[in-house]
Amino acid sequence: MSLLITIFMLTFATQLISWIGQAVLLETAYNLYLRLVNSDLATRQRKLRKDILTTKSELMKTSAQDQFAKWAKLRRSVDKGLSELEKINSEIASNKTTFSVKFNSVIWIFTTGLQFIVGWWYRKTAVFYLPKGWFGPLTWWLSFPFAPKGSISVGVWQMACKRVLVVCGKVVKDFAGDTQLAGSHWASSEGEAGEDGNAGKEEKSKRS
């Protein structure tokens with residue numbers, strides 16, 4: 001893979017994570033981790049929650065005065081279940097904290113970290129050369145800091161890729177917002193037209 005495409009793909013991956021949101025990715029990855037690795041813990045949590053809700057429902061239907069023995073037994077069961085659920089929740093929260101540190105580290109290494117490494121390793125390499133005389137005095141800046149004169153350096157190409165992706169993201173976001181707004185306006189217009197039609201029918205019915 002050429003240096004030009006490699007840098008673009010790394011920049012795109014970083015920007016994609018920014019668009020989706022690292023918190024969303026973390027939550028999705030952790031839920032998958034729970035299902036695959038800690039499935040027993042997640043299953044116990046779901047089952048315990050269901051049992052507690054069932055027992056609470058039965059407790060609310062039981063009179064503390066007329067059926068005190070049954071009420072007390074159900075109450076103890078709910079308290080015990082809540083205590084166990086709190087322990088499981090604490091264990092899951094602790095696991096999530098550890099997982100989030102590792103996940104964020106991996107994300108950083110494979111995006112920002114790799115960009116730094118590639119930028120440093122190829123700091124004296126030309127990503128591609130410009131036609132002679134196109135940018136005049138600016139040519140030296142496009143090769144900044146160490147690339148050969150008349151070329152585009154890794155750092156400049158990274159900035160260009162990021163800028164283009166940010167602009168494209170804004171355009172797509174604005175287009176999606178305009179489309180949604182137009183759809184809402186169309187639905188509103190259709191609703192008003194339907195109401196006007198119904199009103200006309202009612203008026204004709206009254207006249208007849």
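Guide: Let's start with a term. On a 1 Å grid over the protein atoms alone, a pocket is an open set of points where a 1.4 Å probe fits, with protein on both sides within 12 Å along at least five of seven lines; a residue belongs to the lining if it has an atom within 4 Å of a point. This is a predicted model, in which local features need pLDDT of at least 70 and side-chain atom pairs count only at pLDDT 80 or more, while totals for chains, interfaces and linings use all residues. Residues are numbered from 1 along each chain as its sequence is written, and side-chain values use heavy atoms, leaving out hydrogens and water.

Visitor: Which residues line the second largest pocket?

Guide: Glu27, Tyr30, Asn31, Leu34, Arg35, Ala42, Gln45, Arg46, Arg49, Ile92 and Lys96 do, since each has an atom within 4 Å of a point of that pocket. Helix H2 (22-36), helix H3 (39-61) and H4 each give two or more residues to this lining. H2 gives the most, with 5 residues. The pocket's volume, the space filled by probe spheres set on grid points joined across faces, edges and corners, is about 200 Å³.

Visitor: What makes a residue of this lining count as nonpolar, polar or charged?

Guide: Ala, Val, Leu, Ile, Met, Phe, Trp, Tyr, Cys and Pro are nonpolar, Asp, Glu, Lys and Arg are charged, and the others, Gly among them, are polar. On that basis, this lining has 4 nonpolar, 2 polar and 5 charged residues.

Visitor: Where does the largest pocket lie relative to domain 1 (19-122) and domain 2 (127-184)?

Guide: The largest pocket lies between them, because both domains give residues to its lining; the domain bounds come from an automatic or database domain assignment. Its space is about 240 Å³. The lining includes Thr11, Phe116, Trp120 and Met159. Helix H1 (3-20), H4 and helix H6 (154-207) each give two or more residues, and H4 gives the most, with 5.

Visitor: Is Asn95 buried, partly exposed or exposed, and why?

Guide: Buried means under 20% relative accessible area, exposed means over 50%, and partly exposed lies in between (1.4 Å probe, protein chains only). Asn95 has 23%, so Asn95 is partly exposed. Arg75, in helix H4, also falls in between, so at 37% Arg75 is partly exposed. Of the protein's 208 residues, 25% count as buried.

Visitor: How do you know which residues Asn95 touches?

Guide: A contact means heavy atoms within 4.5 Å. Leaving out residues up to four places away in sequence, Asn95 touches Tyr30, Asn38 and Leu41. Asn95 sits in helix H4 (residues 68-121). Asn95 and Tyr30 are 65 residues apart along the chain, with their C-alpha atoms separated by 9.4 Å.

Visitor: What makes H1 and H6 stand out in confidence?

Guide: The predictor's confidence in each residue is its pLDDT, from 0 to 100. H6 has the lowest mean, 71, and H1 the highest, 91. The protein's mean is 83, and 85% of its residues reach 70 or more. Where pLDDT is low, the predicted coordinates should not be read in detail.

Key: Helices (H or I, at least four residues) and strands (E, at least two) are DSSP runs, numbered from the N terminus.
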